[in-house]
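Hello,

I am handing over the structure we talked about. Please look through it before reading my notes below.

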Amino acid sequence: MIAAVAAVLAQFHPPTTKDFVWDCWGPSLNLGSLSFCMNFTNFLVLLGFVSFIAFFYFGLRKPSVVPGKMQSLTESGIQFVRENIAIPMLGPDSARFMPLLATLFFAIFFWNIFEVVPGVNFSSNSRIAFPLVMAVVAWVTYNVMGVKKHGFLGYVKHVLVPPGAPAVLYVLLVPIEFITQIIIRPITLSVRLWANFVAGHFLLAVFFLGTIAMLQGGFEAIFAPFSFAMAIVLVGFEIFVSGLQAFIFAILTASYIGGAMAEEH
Amino acid sequence: MLALLAQLTGDLEGLATIGRGLVIGLAAIGPGIGLGVLIGKSVEAMARQPEYAGQVRATMFIGIGLIEALALFGIAFSFII
């Protein structure tokens, strides 16, 4: 422990993007330029997945009419997703999409919260691949539901041709609608989640490492308590961000599904 | 302009670092104003109509998500520079 602190003190360096790259554990499988192997990020994904399963298993193992502690925690979480995400966005269709929305919300939350778990302090969502996969799931879902509801040509018309505009404007509107609804949506969904956790990791690293760096300086040491206090505040902020990003991802997915399935006015 | 600066300083790496800082700072201006307007108006709406606070809050979070993405694009592009 003392040796580790001394090592950090000896070579302070500002955090860089290299902090997000982890080495392989054991052998790797190379396909072209892609290399598949087990590393710390994958391990965190599995750990988050196991805690996600455990949360629901222990919560709903023996469901009773008067819920116990774990059961009421799990149930209030599901009720939160149902009342704040599914019903306002999807109305009568909400029950069909509850499994998807609750899974997205809780899975993203459990993956995010590793950002502030002591000793880990790294979220798998700060690598773009994991948010991208979830954004692709959301993209496929809302497009498939739209095609099912309106038929293929009907859905294309529903997406690309907003009703009630003068005919001349469609030259401008159709490309804009295509770009915003089909191309930009999955990118913003994934980049929002990813960049939040990259930025959060940098903030925490800057303030905690900055505290240590100032302590080893001369008169700068008087500023170290302020840096440390800010770091503690940012840990609380990151817990808030973990919940907020899970909520925003789920509610935007619900809103995109609702928009794709909406009736023509 | 950039070529001139590079000739003067002979240091493209340093210019790229300045560029990264500028991208993050400039990308935060617009979303900052937007978030201020959005959240301020939402609080006003919740104070006027407390019975619709839940709906206003849900819509506000969607708006926050959409606006915030712009600032985060700045952070993402600053890594690419």
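Predicted model: local features only at pLDDT ≥ 70, side-chain atom pairs only at ≥ 80, totals over all residues.

The largest nonpolar core has 44 residues. Which residues have the most contacts inside it? They are A:I85, A:L101, A:F105, A:F249, A:A250 and A:A254. Helix 8 of chain A gives the largest share, with 11 residues.

Take A:F249 as one example. Leaving aside residues up to four places away in sequence, A:F249 touches A:L104, A:I108, A:L189 and A:L193.

Next, the contact between the chains. Chain A puts 15 residues into it, and chain B puts in 12. On the chain B side, 9 of the residues are nonpolar, 2 are polar and 1 is charged.

Last, a helix pair in chain A. Helix 5 (residues 129-150) packs against helix 6 (residues 152-160). The angle is about 115°, and the axes are 7 Å apart. The crossing of these two helices is right-handed. Helix 5 of chain A brings A:G146, A:V147 and A:H150 to the contact. Helix 6 of chain A brings A:F152, A:G154, A:Y155 and A:H158. By class, this contact has 3 nonpolar and 4 polar residues, and no charged ones.

Best wishes

Notes
Residues numbered from 1 in each chain as written. Chains lettered and ligands numbered in written order. Contact = placed C-beta atoms within 7 Å. Nonpolar A, V, L, I, M, F, W, Y, C, P; charged D, E, K, R; others polar. Axes fitted to C-alpha atoms, helices over the stretch in contact; angles between N-to-C directions. Helix = DSSP H or I, 4+ residues; strand = E, 2+ residues; numbered from the N terminus. Left-handed = near helix turned anticlockwise from the far one by under 90°. Core = buried A, V, L, I, M, F, W, Y, C linked by C-beta atoms within 7 Å. Buried ≥ 20, exposed ≤ 12 C-beta atoms within 10 Å, placed from the backbone.
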